[in-house]
Amino acid sequence: MSDIFRLNDSGKAQYTEIASRDGLMMRGFLHVPDGASPQNKVPLVIIMHGFTSNRIGNGKSNMMLAWQLCREGIASLRMDFIGSGESDGNFEDMTVLTELRDAEDLLQYAKTLDFVDPARIAVHGMSQGGLEAMLLAGTHPEEIACVSLWSPGFSIGLEWDNTMISPEDIEKIKRQGYFDCASWKVGKGYYDDAVNTDSYSIAAQYHGPVQIVHGTQDEVVPLRYSMMLREVLGDSCHLITVEGANHDYESLYWNGLRLQYAVDFLKAQLLQ
């Protein structure tokens with residue numbers, strides 16, 4: 001399908017389907033600013049959603065980010081991962097590494113777009129999407145211009161009892177192969193990939209600019225995980241804390257603040 005929707009006077013959003021390496025379809029939107037062409041190549045940001053979320057994002061944050069970037073002359077690609085939103089596949093088959101493969105497919109697709117400058121492709125992610133964005137950058141460091149993160153899920157696989165998987169859930173995974181996470185069926189493969197993936201070591205392979213925005217009252221991914229990530233990445237990483245914000249930035253002020261931080265960072269890095 002190729003339905004095209006006007007955003008405003010600054011660009012358009014085109015419904016897009018992208019085949020994954022497993023033959024399943026990812027669905028979402030490609031945002032293209034006015035004036036983008038093979039003769040006038042623009043930067044592009046791959047926007048990645050979090051666990052049990054979708055391309056729209058909590059508080060429409062992913063959609064709002066795409067619109068704001070488009071107004072600045074930056075294209076974006078916001079797709080549902082396989083097993084989430086309107087994309088093909090079953091959520092119970094999703095793992096940290098299957099989403100990394102999805103992210104790699106999105107990167108390769110972005111590089112085929114004739115109006116995109118391949119030297120200015122960036123990634124942005126929220127929560128588990130932030131983890132995936134950083135893993136993509138760590139495994140493809142020469143292909144990612146910069147990384148923007150909101151509350152990246154680097155707690156996944158470490159302190160399960162303090163995040164979303166309790167010791168009882170772990171026992172259920174081992175016994176029956178899945179557990180019920182607020183009506184989402186999470187498979188054993190998710191647990192196995194998470195505990196066996198050294199996310200910090202992979203992230204350390206990326207040396208480009210990174211910005212992390214993280215709420216001080218995040219109850220899902222505590223701030224200390226982003227502090228650890230900043231230490232791993234060193235001087236190339238800037239951590240911004242949002243006082244009082246929880247994991248989903250559930251106020252107009254917090255949501256607006258994280259959006260502005262992301263837009264300002266991506267503009268500074270991609271429109272130099």
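These notebook entries record what I looked up in a predicted model.

**Basis.** I worked from a predicted model in which local features need pLDDT of at least 70 and side-chain atom pairs count only at pLDDT 80 or more, while totals for chains, interfaces and linings use all residues. I number residues from 1 along each chain as its sequence is written, and side-chain values use heavy atoms, with hydrogens and water left out.

**Terms for segments.** I take helices (H or I, at least four residues) and strands (E, at least two) as DSSP runs, numbered from the N terminus.

**Entry 1: salt bridges.** I counted a salt bridge where a side-chain nitrogen of Lys or Arg lies within 4 Å of a carboxyl oxygen of Asp or Glu. By this rule I recorded 11 salt bridges.

I looked up R27 and D88, whose side chains form a salt bridge with an N to O distance of 2.8 Å. R27 belongs to strand β3 (residues 25-33) and D88 to the loop between β5 and α2, so the pair ties together parts that are 61 residues apart in sequence. For burial I used relative accessible area: buried is under 20%, exposed is over 50%, and partly exposed is in between (1.4 Å probe, protein chains only). R27 is buried because its relative accessible area is 17%, whereas D88, at 24%, is partly exposed. I also noted that E17, R27 and D88 are linked in a network of salt bridges.

Next I examined R55, which forms a salt bridge with E86, the closest N and O atoms being 2.7 Å apart. R55 counts as buried at 11% relative accessibility; E86 is partly exposed at 49%.

E72 sits in the loop between α1 and β5, and K267 in helix α8 (residues 252-270), so the pair ties together parts that are 195 residues apart in sequence. E72 is partly exposed at 33% relative accessibility, and K267 is partly exposed at 27%.

**Entry 2: α1 against α8.** I fitted axes as lines to C-alpha atoms, for helices over the stretch in contact, with angles running from 0 to 180 degrees between N-to-C directions. The axes of α1 and α8 come within 10 Å and cross at roughly 40 degrees. The two helices are therefore oblique to each other; under 35 degrees counts as roughly parallel, over 145 as roughly antiparallel, 65 to 115 as roughly perpendicular, and the rest as oblique. The crossing of α1 past α8 is right-handed, that is, the near helix is turned clockwise from the far one by less than a right angle.

The contact (heavy atoms within 4.5 Å) involves S61, M64, L65, Q68 and L69 of α1, and N255, R258, L259, A262, V263 and L266 of α8. By class I found 7 nonpolar, 3 polar and 1 charged residue, with Ala, Val, Leu, Ile, Met, Phe, Trp, Tyr, Cys and Pro as nonpolar, Asp, Glu, Lys and Arg as charged, and the others, Gly among them, as polar.

I then followed L69, which lies in helix α1 (residues 61-71). L69 counts as buried, with a relative accessibility of 0%. Leaving aside neighbours within four places in sequence, L69 touches V45, I74, V263 and L266.

**Entry 3: α2 against α3.** I found α2 and helix α3 (residues 128-139) packed at an angle of about 65 degrees, with axes 9 Å apart. This crossing, too, is recorded as right-handed. From α2, V96, E99, L100, A103, E104 and L107 meet Q128, L131, E132, L135, L136 and T139 of α3. These residues divide into 7 nonpolar, 2 polar and 3 charged.

**Entry 4: loop residues.** I looked up S84 in the loop between β5 (75-79) and α2 (96-112). S84 is buried at 2% relative accessibility. Its contacts, not counting residues up to four places away in sequence, are H49, S53 and F91.

Most residues other than glycine have a negative phi. I noted a positive phi near 65 degrees for T52, in the loop between β4 and α1, and T52 is partly exposed at 28% relative accessibility. S127 has a positive phi near 60 degrees. S127 is in the loop between β6 (116-126) and α3 and is buried at 11% relative accessibility.
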